[in-house]
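Have the structure open while you read.

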There are 2 protein chains.
Amino acid sequence: MKIVRFGAGQWGVLEGETIHETDGPAGNPTGRHFDLGGVTLLAPATPSKIVCVGRNYLDHIREMGHDFGGDLPKEPGLFLKGPNTLAHPANPARPDRSGDVVPYPSFTNLLHYEGELAVVIESRMKNVPEDEALEHVLGYTCALDVTARDKQKTDLQWVRAKSADKFCPLGPWLVTSLDPQNTTLRTYVNGELRQEAHTSLMIFPVAKILSYISSFMTLEPGDVVLTGTPEGVGELKRGDQVEVAIEGIGDLHTRIEN
Amino acid sequence: MKIVRFGAGQWGVLEGETIHETDGPAGNPTGRHFDLGGVTLLAPATPSKIVCVGRNYLDHIREMGHDFGGDLPKEPGLFLKGPNTLAHPANPARPDRSGDVVPYPSFTNLLHYEGELAVVIESRMKNVPEDEALEHVLGYTCALDVTARDKQKTDLQWVRAKSADKFCPLGPWLVTSLDPQNTTLRTYVNGELRQEAHTSLMIFPVAKILSYISSFMTLEPGDVVLTGTPEGVGELKRGDQVEVAIEGIGDLHTRIEN
């Protein structure tokens, strides 16, 4: 099932090109219908927090120059993005590829893309064991973790680097029935393939990540968890077009400010 | 004026021991009145994010072993705390000193207190100049920035260190007319004075902090900004009683889990 958020904050189920409006993210039908091409799509989550895994694909860890002395990390390395980072996806049914434009802030000279699989929480999670964690997931979607790479090194923590306004395009919709460890993620910049990885390569699978977070930080309905980026990260220039494409979900299309 | 949040999430103005209920944080009177001693006080904010300054008092920077080669930082160093960290204050009018208990999580062996002046935002701030920043403030209150000091060093970013559940007791109420650079902050553990500093000693005054954050991260009504802790931070043991007292505001009383 595909769940969309659209218009003035309505929710719906997408079948073909028709949205069947519902009274909540996994709610009951209201009886109203909309053409996908006629609506504005919104980021499919209203999180109280966005929790991200920093290093979850070995080849990305290596490309960033870390090696852990040969040992894998024993626990997921986390960081937060503020809810101000959410950006709305382009609508795949609209030829103009509408959607939010990601600003290129004046404080950085090195903006990077990081394509990621995102998880949206359906029900509160506190101390949930790994084997029950996925029962709390509403759905999966694509995320672009926009990163001011230069500020990761110079700032106290990754706040400017990760949490400037609209630094987290999300969408275009949630897919409820995905196996999160059995799909392929690809990132394209101006149509060129830059990242490609099977999600079975994650060091920490989604269930483990959610269980770990919930052991000290209660996850609320609507919260978003980003599961890390694979190798192939790189620079974004003004005016770039970025696509994060995950098999079984769809394409998140984003433009960088000119 | 003192603004309280209480009960089931109601807001009110406190005069003496009487709460005059209002229809919002700076809202109109509903005509209903409550005795302070008869209600449960809530953290006086419902933030979309909690943005914190990491190093804003020179003596604290020195006690943490940083010296910047003798130069002061040129910009505030920031980190985020998740909204899951909010903990409700004890009610000063209730002899049992009710209020949330801060858990002592199993992942840490070194919990620290950091007493801070907190700012709650009234109206949206985006690219607000320093000389207009304080016009967007709803009020000021006391915060305890609970910190797992050991995890600041070992983790990728300060998520476990700063954002475990209830790691941000806040309250007991907002004061609207405070000069944020002309008051004194004190932290007591089990009645013993541990931190004492005049807020004129902040490296970055509140107006500068808010203006800086708003230059890349839109602040929303209800957002909370923590302005840094002075020297004197130290360890918390199970069962400790902590008080953050700011002149002109009042006392935030918190208990650590036994």
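Two strands count as paired if DSSP finds at least two bridges between them, and the strands themselves are DSSP runs (E, at least two residues), numbered from the N terminus, while helices are H or I runs of at least four. With that in hand, look at chain B: β13-β10-β18 is the order of three strands in an open, antiparallel sheet. At its edges are β13 (147-148) and β18 (234-236) of chain B, each pairing on one side only. Strand β10 (residues 111-113) of chain B is joined to β13(B) by two bridges, and His112(B) has Thr147(B) as its bridge partner there.

This is a predicted model: local features need pLDDT of at least 70, side-chain atom pairs need 80 or more, and totals for chains, interfaces and linings use all residues. Side-chain values use heavy atoms, without hydrogens or water, residues are numbered from 1 along each chain as written, and chains are lettered from A and ligands numbered from 1 in written order.

| Between chain B and chain A | Value |
|---|---|
| Residues in contact (heavy atoms within 4.5 Å) | 27 of chain B, 27 of chain A |
| Buried area (accessible area, 1.4 Å probe, lost on being put together, summed over both) | about 2,400 Å² |
| Salt bridges (Lys or Arg side-chain nitrogen within 4 Å of an Asp or Glu carboxyl oxygen) | four |

Of that buried area, 63% is on carbon and sulfur atoms. In chain B, Leu156(B), Gln157(B) and Phe216(B) lose the most area to chain A, together 29% of what that side buries. Lys126(B) makes a salt bridge with Asp165(A), with the closest N and O atoms 3.0 Å apart.

Definitions and conventions: Buried area = accessible area lost by both parts, 1.4 Å probe.
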